[in-house]
Amino acid sequence: MSIASVQNLHKTYQLPGGSINVRALRGVDIDFVEGETVAIVGQSGSGKSTLMNLIGCLDRPTSGTYMLGDVDVAQLDDDELSDIRGRRIGFVFQNFNLIAQLSILENLEVPLFYQGCPPKIRRDKAAELAELVGLSDRAHHRPNELSGGQQQRAAIARALINDPLIILADEPTGNLDSATTAEILAIFDELRQRRKTVILVTHEPDVAARCNRTITLRDGVIIEDARNEAAASAPSASN
Ligand SMILES: Nc1ncnc2c1ncn2[C@@H]1O[C@H](COP(=O)(O)OP(=O)(O)OP(=O)(O)O)[C@@H](O)[C@H]1O
Ligand SMILES: [Mg+2]
């Protein structure tokens with residue numbers, strides 16, 4: 001089942017002064033299927049983050065269409081865009097972006113807090129997700145008391161708390177060593193088994209190899225869109 005699709009997507013940035021345009025995306029077509037893990041790869045400046053920002057409803061395309069579920073994102077105003085972003089998308093960042101003053105559990109509750117979710121439900125959901133990512137015993141610690149891998153696991157749990165359609169991760173393992181990267185990849189495998197759709201940007205071939213699908217960008221166009229059947233058929237083989 002297609003969960004999101006972009007068609008003939010273009011993004012042109014206008015630099016200050018208006019005389020120079022950067023054509024960051026030049027006609028991108030992708031159909032995302034429920035439950036797949038997609039790696040977006042390509043050299044620096046190829047348009048990966050631009051594509052992630054559009055999929056994440058942080059920005060609108062210059063032209064082309066983006067359907068998220070049954071919503072035509074290009075037609076939304078700013079309020080509607082931020083609403084759909086809060087409800088349908090989970091973000092994981094390279095530098096975790098946890099709030100230093102809050103405990104791990106409180107960090108997980110933040111997205112629900114902004115939606116006016118009652119405290120008891122917030123706390124229960126946060127505890128459930130802390131357990132999913134193996135952080136129950138760290139739930140009351142502050143982020144700086146956790147390792148990088150544990151912080152990233154907390155960030156993934158936070159991204160899941162709204163039960164989003166799509167989880168977006170721009171270089172989620174960029175700041176982690178290889179052992180810690182393996183922990184994060186194991187969680188992505190678990191998410192795939194739970195039929196979550198994960199789209200990540202990576203420069204690491206090992207990380208891309210664990211995804212079901214690899215999309216390669218060059219100069220704002222897709223030069224390859226490849227399925228990785230081995231990863232698809234044996235998601236937990238390396239756990
Ligand atoms: N806000 C912006 N304003 C102007 N140009 C931008 C903006 N964001 C990105 N660009 C340009 O668009 C092109 C694509 O950038 P993008 O950040 O999408 O690349 P990337 O593939 O994510 O690169 P990296 O691997 O270095 O993160 C680049 O030429 C970049 O300089
Ligand atoms: Mg980038």
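Student: Which residues surround ligand 1?
Tutor: Tyr13, Leu15, Val22, Ala24, Gly42, Ser44, Gly45, Ser46, Gly47, Lys48, Ser49 and Thr50 surround ligand 1; a residue is near a molecule if its C-beta atom, placed from the backbone, lies within 6 Å of it. Keep in mind that this is a predicted model, where local features need pLDDT of at least 70, side-chain atom pairs count only at pLDDT 80 or more, and totals for chains, interfaces and linings use all residues. Residues are numbered from 1 along each chain as its sequence is written, while chains are lettered from A and ligands numbered from 1 in the order in which they are written.

Student: And which element gives the largest share of that shell?
Tutor: Helix 1, with three residues. Helices (H or I, at least four residues) and strands (E, at least two) are DSSP runs numbered from the N terminus.

Student: New topic: what is the strand order in the open sheet of six strands?
Tutor: The order is 6-7-8-3-9-10, with mixed pairing; two strands pair if DSSP finds at least two bridges between them. Strand 6 (89-92) and strand 10 (221-227) each have a single partner strand, so one side of each has no neighbour in the sheet.

Student: How many bridges join strand 7 to strand 8?
Tutor: Five, between residues 166-170 and residues 197-201, and these two strands run parallel. Ile166 stands opposite Thr197 of strand 8.

Student: OK, helices. At what angle do helix 5 and helix 6 pack?
Tutor: Helix 5 (residues 148-160) and helix 6 (residues 178-193) pack at about 20°, with axes 9 Å apart. Axes are lines fitted to C-alpha atoms, for helices over the stretch in contact, and angles run from 0 to 180 degrees between N-to-C directions. That makes helix 5 roughly parallel to helix 6, since angles under 35 degrees count as roughly parallel, over 145 as roughly antiparallel, 65 to 115 as roughly perpendicular and the rest as oblique.

Student: What about helix 3 and helix 4, what angle there?
Tutor: About 125° between helix 3 (residues 104-113) and helix 4 (residues 119-132), with their axes 9 Å apart. Helix 3 and helix 4 are therefore oblique to each other.
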